[in-house]
Amino acid sequence: MRQADLCRGICSVASYSRIESGEAVIPLVMAQTFLERLGTDPGQLEQLLEGEDYGCHQKRQDIEAALRDGQAAQAEQLLAAYKEAAGEDKLEIQYVKYCQARIGRLRMRQDASLDLEARGQLAGETERLLQEAESLTIPKRGRGMLLSRVELGILLAETEGIGLDEMQNIQDFVREYYNMEWKEEYLPQVHLKYANLLAREGKYGRALAEIQRGLASVRSGESYGHCADLYFLSAQIAGRMGWERLGKEEQKELARKCWRAYSLYSLDRNPRAEAVREYMETSGLMALAPESLL
């Protein structure tokens, strides 16, 4: 790892050297970004916070909690207060844009009153926010790039512009630098996005292998929501390959994967559960589903 890779998009190597030698004070959000790019949990640093820095950290924690709980309106309100206090630091601006995009995605998922045109506009705005957030600290993607959790989240959320080679670089980074807890949080998402890109190019065998690696990376169940995505994508890919040509037992396994996805989505109150049910009905897999789904 080079200092230039650690500093890329944040500050110059000379500025980092002054911080390292104690000649300059490092802002909290910059310190957190450096630590996360190195795969180090800044939890110990957070325990030492006081005053304004602690308040800023707590606001972020509240925003993240609201987003995890699917509370779009609350997250938006908290983010507005955070933005007002954050100032013009580009790492703070990046976080605000990232959260605005996540709130937009949440609204698209939850608001059934949005028509097709409104959804398209919201999707375009969300993608624009993600690209703007990326450009602030990731001017160039490539092998050796180091990513904070916010930066990684931005790249995983984007729906355009990331290719297979870049996804391989992201996967290599997460595996090499992130601790076990973060790997379980992010590897299912990384494998899912990689599998989607492979499937889009018709590389179904490799896509299925990525899905299996994604499922294998989940140990404690913390990422069960992404397991649902992985199970459902696995069944969809098998369908594209011609599930009707499979044997009875293989078809039953596809139905079981769909059922697992349906169960996990339902547990999370995710409307994609109905998409799974619809897929099973149109594909004929419903007849092979467990009785609890019928």
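How many positive and negative side chains does the protein have, and how far apart do the centres of the two sets lie?

## Charge

The protein has 38 positive and 47 negative side chains. The centres of the two sets lie 5 Å apart. Lys and Arg count as positive, Asp and Glu as negative; His and the chain ends are left out. Each charge is placed at NZ of Lys, CZ of Arg, CG of Asp or CD of Glu.

## Basis

This is a predicted model: local features need pLDDT of at least 70, side-chain atom pairs count only at pLDDT 80 or more, and totals for chains, interfaces and linings use all residues. Numbering runs from 1 along each chain as its sequence is written, and side-chain values use heavy atoms, without hydrogens and water.

## Fold

The protein has 15 helices and 0 strands (DSSP runs numbered from the N terminus: H or I of at least four residues for helices, E of at least two for strands). The C-alpha trace spans about 70 × 40 × 35 Å along its principal axes.

## Cores

Of the 294 residues, 45% are buried (under 20% relative accessible area, 1.4 Å probe, protein chains only). The largest nonpolar core holds 60 residues. Such a core joins buried Ala, Val, Leu, Ile, Met, Phe, Trp, Tyr and Cys through side-chain atoms within 4.5 Å. L147, L152, M167, I170, V174 and V276 touch the most other members. Helix α11 (residues 180–200) gives the largest share, 10 residues. Another core, of 21 residues, lies apart; A66, L79, Y95 and V96 are among them.

Beyond its neighbours within four places in sequence, L147 contacts E36, R37, I138, L152, L155, I170, F173 and Y178 (heavy atoms within 4.5 Å).

Terms used
Buried means under 20% relative accessible area, exposed over 50%, partly exposed in between (1.4 Å probe, protein chains only).
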